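Colleague: I'm new to this one. Could you put it on screen and walk me through it?

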2 protein chains.
Amino acid sequence: MLHLYHADHSTCSQKVRFCMAEKGLEFSENKIDLALKEQLEPAYLKINPNGVIPTLIHDGNIIIDSSVICEYLEEVFPEIPLSPSTALGRAQMRKWMRYIEEVPTSAVRFPSFNMAFLPRFDGLTDQQFIEQQADVRPLRNGFFRRMGRNGFVDEDIEASFEQITKTTSRMEQALADGPWLLGEIYTLADIIIAPLIDRMADLGLSYLWNDDCPRVNDWFIRIQARPAFDKAFYIGSRLTEFIEIRPWSRHEHE
Amino acid sequence: MLHLYHADHSTCSQKVRFCMAEKGLEFSENKIDLALKEQLEPAYLKINPNGVIPTLIHDGNIIIDSSVICEYLEEVFPEIPLSPSTALGRAQMRKWMRYIEEVPTSAVRFPSFNMAFLPRFDGLTDQQFIEQQADVRPLRNGFFRRMGRNGFVDEDIEASFEQITKTTSRMEQALADGPWLLGEIYTLADIIIAPLIDRMADLGLSYLWNDDCPRVNDWFIRIQARPAFDKAFYIGSRLTEFIEIRPWSRHEHE
């Protein structure tokens with residue numbers, strides 16, 4: 001039995017939902033309210049000490065970290081394969097996965113917070129923000145401290161945009177060899193980067209690559225055409241469906 | 001045939017050397033001079049577009065990213081296993097590997113640069129530093145920009161120390177169940193965190209955990225007692241052997 005702790009709009013949750021949908025796996029669920037910091041409650045921290053989502057429970061065993069969960073599902077449910085069959089091919093896939101974690105996964109958080117999530121901190125003083133929002137996070141305390149309650153400075157946002165265009169340039173180059181990042185084979189690398197591209201598009205930021213990366217645009221159309229896509233990115237998964245999006249520049253707030 | 005592009009003192013190179021030594025694998029090598037930015041030369045960027053070391057060449061195939069290389073070696077040379085035999089066990093190992101990449105691998109770079117590598121930038125103006133040292137790096141340009149030629153501010157260093165103590169606390173807790181991070185089994189998780197602990201000790205910073213983490217201290221003694229350890233951490237692998245270590249506080253330089 002598979003049980004997922006996740007949130008509709010969390011990109012890391014979407015990575016795992018998309019992987020499960022491709023494999024035709026059903027799951028029961030706990031939806032975590034990130035605005036209420038439910039992922040930081042003691043009972044949840046006991047199963048996921050990083051205080052982030054998603055977490056998968058499989059037959060009573062706890063598996064954390066979205067890319068680790070995807071590789072686990074790949075090993076336990078190999079019937080619909082989403083990775084190459086050779087060690088070298090898997091290394092090429094994992095090279096992408098590590099890059100996706102280090103560069104775009106981290107980069108999309110910056111505009112996401114400035115444009116969508118800052119109102120969560122309305123009414124807090126700077127000191128309250130540090131104590132109640134930043135320092136309580138086991139993994140992301142530094143990120144929250146840097147953001148502050150007024151959001152990231154323009155320089156940080158521009159650096160994150162640069163990381164995104166670096167990523168899409170690299171994708172554009174890889175996609176010369178086939179419909180997917182590894183060529184003919186559709187893999188976890190395509191799956192875990194899809195929610196990040198989707199998020200940037202949702203925020204209206206796809207202009208960062210649209211003109212320069214025709215192959216990325218075609219790849220994204222192919223991704224969205226997969227039956228599993230709609231299953232993972234159901235209605236309610238996009239920020240624009242329930243949050244008023246603001247400009248990315250740092251802004252004073254209530 | 002195995003060929004490694006690496007540097008004696010690079011912690012990510014040490015991860016791979018340690019893994020290969022445990023498996024009894026011999027390799028030929030190219031030593032990369034990081035001070036001369038040899039990892040950013042066009043010929044090297046062609047094999048490793050991230051412009052970082054190490055890179056492994058195996059029978060003509062290129063494998064990059066230290067943790068990807070270790071998992072590749074694990075799959076191709078399974079005779080001496082360094083990972084659990086079950087999918088669940090491997091997920092536990094990879095959970096540690098992802099945490100090690102996100103938290104301590106990143107954290108040890110901050111004191112390493114302030115205490116050892118800043119003199120590389122002597123004589124550069126701020127503008128020259130940005131152009132010649134920061135923006136030429138495909139992966140670490142943001143890190144270098146933040147550092148600047150005078151090093152990281154105390155706040156950044158203290159945040160990195162906090163990440164280190166979080167890591168050693170987590171290790172201390174895990175080590176209650178056995179001699180290694182996953183209990184009875186010695187794995188890639190132990191191997192890839194060892195160079196980070198070793199670096200912190202080399203910089204004289206092991207006081208950050210010494211008093212609070214007796215199990216980590218014992219674990220490190222066990223690690224150092226492994227025959228493979230000396231093979232990977234040969235003379236010349238420690239910064240204190242060839243660089244004058246300075247205090248970690250930000251300092252004006254030439």
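Colleague: Which order do the strands of the open sheet in chain B have?

Modeller: The order is β2-β1-β3-β4 in chain B, four strands with mixed pairing. Before going on: this is a predicted model, where local features need pLDDT of at least 70, side-chain atom pairs count only at pLDDT 80 or more, and totals for chains, interfaces and linings use all residues. Residues are numbered from 1 along each chain as its sequence is written, chains are lettered from A and ligands numbered from 1 in the order in which they are written, and side-chain values use heavy atoms, with hydrogens and water left out.

Colleague: Which strands of chain B stand at the edges?

Modeller: β2 (28-31) and β4 (61-64) of chain B do, each with a single partner strand, so one side of each has no neighbour in the sheet. The twist from one strand to the next averages 20°. Strands here are DSSP runs (E, at least two residues), helices are runs of H or I with at least four, and both are numbered from the N terminus. Two strands pair if DSSP finds at least two bridges between them.

Colleague: Do β1 and β2 of chain B run parallel or antiparallel?

Modeller: Parallel, with four bridges joining β1 (residues 2-6) to β2(B). One bridge partner to look for is Ser28(B) in β2(B), which goes with His3(B). Helix α1 (residues 11-22) of chain B packs on the sheet, touching β1 and β3 (55-58) of chain B, and its direction makes about 155° with that of β1(B). That angle is between N-to-C directions, on a scale from 0 to 180 degrees, with axes fitted to C-alpha atoms, for helices over the stretch in contact.

Colleague: Over to chain A. What does β3 pair with there?

Modeller: Strand β3 (residues 55-58) of chain A is joined by four bridges to β4 (residues 61-64) of chain A, running antiparallel. His58(A) sits opposite Asn61(A) in β4(A). The hairpin of β3(A) and β4(A) has two residues between the strands, and Asp59(A) takes a positive phi near 50° there.

Colleague: And Glu22(A), is that buried or exposed?

Modeller: Glu22(A) is buried, with a relative accessible area of 11%. Buried means under 20%, exposed over 50%, and partly exposed in between (1.4 Å probe, protein chains only). Glu22(A) is found in helix α1 (residues 11-22) of chain A.

Colleague: What is Glu22(A) in contact with, leaving aside its neighbours within four places in sequence?

Modeller: Ile80(A), Leu82(A), Tyr186(A), Ile191(A), Arg226(A) and Ala228(A), where contact means heavy atoms within 4.5 Å. Arg226(A) is 204 residues away from Glu22(A) along the chain, yet their C-alpha atoms are separated by 8.6 Å.

Colleague: How many residues of α3 in chain B are buried?

Modeller: Nine of the eleven in α3 (residues 66-76) of chain B, so to say mostly covered. Among them are Val68(B), Ile69(B), Cys70(B) and Leu73(B).

Colleague: What about chain A as a whole, how many helices and strands?

Modeller: Chain A has twelve helices and four strands. Of its 254 residues, 59% count as buried. The C-alpha trace of chain A spans about 55 × 45 × 30 Å along its principal axes.

Colleague: Last one: what rotation superposes chain B on chain A?

Modeller: A rotation of 180°, with 0.0 Å of shift along its axis and an RMSD of 0.0 Å. The two copies are thus related as by a two-fold rotation axis. The superposition is by least squares on the C-alpha atoms of residues with pLDDT of at least 70 in both. Of the residues of chain B, Glu102(B) comes closest to that axis, its C-alpha at 3.9 Å.
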